[in-house]
Amino acid sequence: MNSIQHEELAALHRFWQGLSKDGRLPARHDFLAEDLADWIGHISLLEVERDPLRFRFVLHGGHFTLLSGLSLVGRYLEEGLTPRYRDEVLACYREAVETRQAVYRHYSDHSLPWRELDRVILPLADDGVTVDRVMVGLYTLADPPSQGGSRLLSRRN
């Protein structure tokens, strides 16, 4: 995994690592919602479905909603992505599931309001082995737009 540049995401990654024991992935029941207070609004939680591999939002943080212009709770990840970034983003989620490792990416696109975007995908497994959820932390350099959405997350373009 690339070195995490964003301080808050690096802290979230350390939190996740601290929950991992004996080579086993942390489970959703290993932490309380209050444990995520430092990252509130910047966290999403997605269930992993298989055959085919898909990701459905259980929790869609407020920062994500501001970026996309819509709440995706109960919807699938690909519903909130445009063709420009869809394949790349989905590949990162697949990588987290297949490798059982955290996946970090930094994006730069100065044509968009957010300019810089940092995201870490953290796999979770109720049995410690089979990834059944992913927790995602996301931060942007610029404040997200108050209305509308970005081209990375919005399906409108």
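**Close-up views of a predicted model**

View A. Glycine 62 is partly exposed, with a relative accessible area of 40%. Glycine 62 is found in helix α2, which covers residues 62-68. Isoleucine 40 lies 22 residues away from glycine 62 in sequence. In space, the two C-alpha atoms are 8.2 Å apart.

**View B. The protein as a whole.** Three helices and five strands make up the protein's elements. Read from the N terminus, they follow the order α-β-β-α-α-β-β-β. The protein has 157 residues, and 48% of them count as buried. Take the contacts in the protein with a separation of 6 or more: 56% of these join residues 24 or more positions apart.

**View C. The five-stranded sheet.** The strands form an open sheet in the order β2-β1-β5-β4-β3, and the pairing is antiparallel. The edges are taken by β2 (54-60) and β3 (103-109). Each edge strand has a single partner, so one of its sides has no neighbour in the sheet. From one strand to the next, the twist averages 25 degrees. Strands of a sheet pair through backbone hydrogen bonds.

View D. Seven bridges link β3 to β4 (residues 115-124), and the two strands are antiparallel. Valine 103 has isoleucine 121 of β4 as its bridge partner. Tyrosine 104 is bridged to valine 120, also in β4.

**View E. Two helices packed on the sheet.** Helix α1 spans residues 7-19 and packs on the sheet. Helix α1 touches β1 (43-49), β3, β4 and β5 (133-140). The direction of α1 makes about 5 degrees with that of β4. Helix α3 (residues 83-99) also packs on the sheet, where it touches β1, β2, β3, β4 and β5. Between the directions of α3 and β3 the angle is about 165 degrees.

**View F. Strand β4 and its pairing with β5.** Strand β4 is mostly covered, with nine of its ten residues buried. Buried here means under 20% relative accessible area. β4 pairs with β5 in the antiparallel sense, over eight bridges. Leucine 117 stands opposite threonine 140, a residue of β5.

**View G. The β1-β2 hairpin.** β1 and β2 run antiparallel and are joined by six bridges. One of the bridged pairs is valine 48 with phenylalanine 55 of β2. The two strands form a hairpin with four residues between them. Aspartate 51 sits in the turn and has a positive phi of about 60 degrees.

**View H. The largest pocket.** About 180 Å³ of space lies in this pocket. Its lining includes Arg28, Phe31, Ala33, Leu36, Trp39 and Ile40. Gly41, Ile43, Leu45, Leu59, Gly61 and Met135 are also among the lining residues. By class, the lining has nine nonpolar, two polar and one charged residues.

Technical notes. Residues numbered from 1 in each chain as written. Predicted model: local features only at pLDDT ≥ 70, side-chain atom pairs only at ≥ 80, totals over all residues. Heavy atoms only, no water. 1 Å grid on protein atoms, 1.4 Å probe; cavity = no way out; pocket = protein on both sides within 12 Å on 5 of 7 lines; lining within 4 Å. Points joined across faces, edges and corners; volume = space filled by probe spheres on them. Nonpolar A, V, L, I, M, F, W, Y, C, P; charged D, E, K, R; others polar. Pairing = 2+ DSSP bridges. Axes fitted to C-alpha atoms, helices over the stretch in contact; angles between N-to-C directions. Contact = heavy atoms within 4.5 Å. Buried < 20%, exposed > 50% of the residue type's maximum accessible area, 1.4 Å probe, protein only.
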